[in-house]
Amino acid sequence: VTMQSCARCRFVVYPAEKINCIDQNWHKACFHCDVCKMVLTANNFVSHKKRPYCSVHNPRNNTFTSVYETPININAKKQTKASSERIYCREREREEDATDRLIQILNTAWYAP
């Protein structure tokens, strides 16, 4: 009897924990979507290039690798980054102003008669 290995983790798969899909053997826990890691069954998986996916992340259905990479979300991410950079610049300017004021106060106090 030859022991078969899991297509994902490469450890031995025993009959009680085996699922045979996509012409490969898998542990039940290892048979999950390559993107979101949702555990799949023989009834709810989609295969693409011999890898399992859930129906949401099926690469053949869309050109995006995950639900987060839609054009709307990509644009929102860019806007958030730009906004964060502006906020960081404003905070940096405030810190520099506060440092300048502190130096001015210390110089005034130091040289005061």
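**Ground rules**

I am working with a predicted model, where local features need pLDDT of at least 70, side-chain atom pairs count only at pLDDT 80 or more, and totals for chains, interfaces and linings use all residues. Residues are numbered from 1 along each chain as its sequence is written, and side-chain values use heavy atoms, with hydrogens and water left out.

**Entry: aromatic rings**

I searched the whole structure for aromatic pairs and got 2. W26 and F31 make an edge-to-face pair, 5.2 Å centre to centre with 65° between the planes. For the terms: rings of Phe, Tyr and Trp (its six-membered ring) pair if their centres lie within 6.5 Å; planes under 30 degrees apart are stacked, over 60 edge-to-face, the rest tilted.

I then looked up F31 with F45. This pair is also edge-to-face, at 5.2 Å between centres and 75° between planes. Both F31 and F45 lie in the loop between β4 (24-27) and β5 (46-48), so the pair ties together parts 14 residues apart in sequence. Strands here are DSSP runs (E, at least two residues), numbered from the N terminus.

Buried or exposed? W26 is buried at 0% relative accessible area. F31 is buried too, at 0%. F45 is partly exposed at 23%. The cut-offs are under 20% for buried, over 50% for exposed, and partly exposed in between (1.4 Å probe, protein chains only).

I note W26, F31 and F45 as one aromatic cluster.

**Entry: salt bridges**

How many salt bridges does the whole structure hold? I find 3. I count a side-chain nitrogen of Lys or Arg within 4 Å of a carboxyl oxygen of Asp or Glu.

D34 bridges to R8, with the closest N and O atoms 3.0 Å apart. D34 sits in the loop between β4 and β5, R8 in the loop between β1 (4-5) and β2 (12-13), 26 residues apart. D34 is partly exposed at 21%. R8 is partly exposed at 24%.

R51 also meets D34, at 3.1 Å from N to O. R51 is in strand β6 and D34 is in the β4–β5 loop, 17 residues apart. R51 is partly exposed at 25%. I log R8, D34 and R51 as a network of salt bridges.

D23 and K50 meet at 3.8 Å, N to O. D23 lies in the loop between β3 (18-21) and β4, and K50 in the loop between β5 and β6 (51-53), so the pair ties together parts 27 residues apart in sequence. D23 is exposed at 72%. K50 is partly exposed at 44%.

Note on methods
Helices (H or I, at least four residues) and strands (E, at least two) are DSSP runs, numbered from the N terminus.
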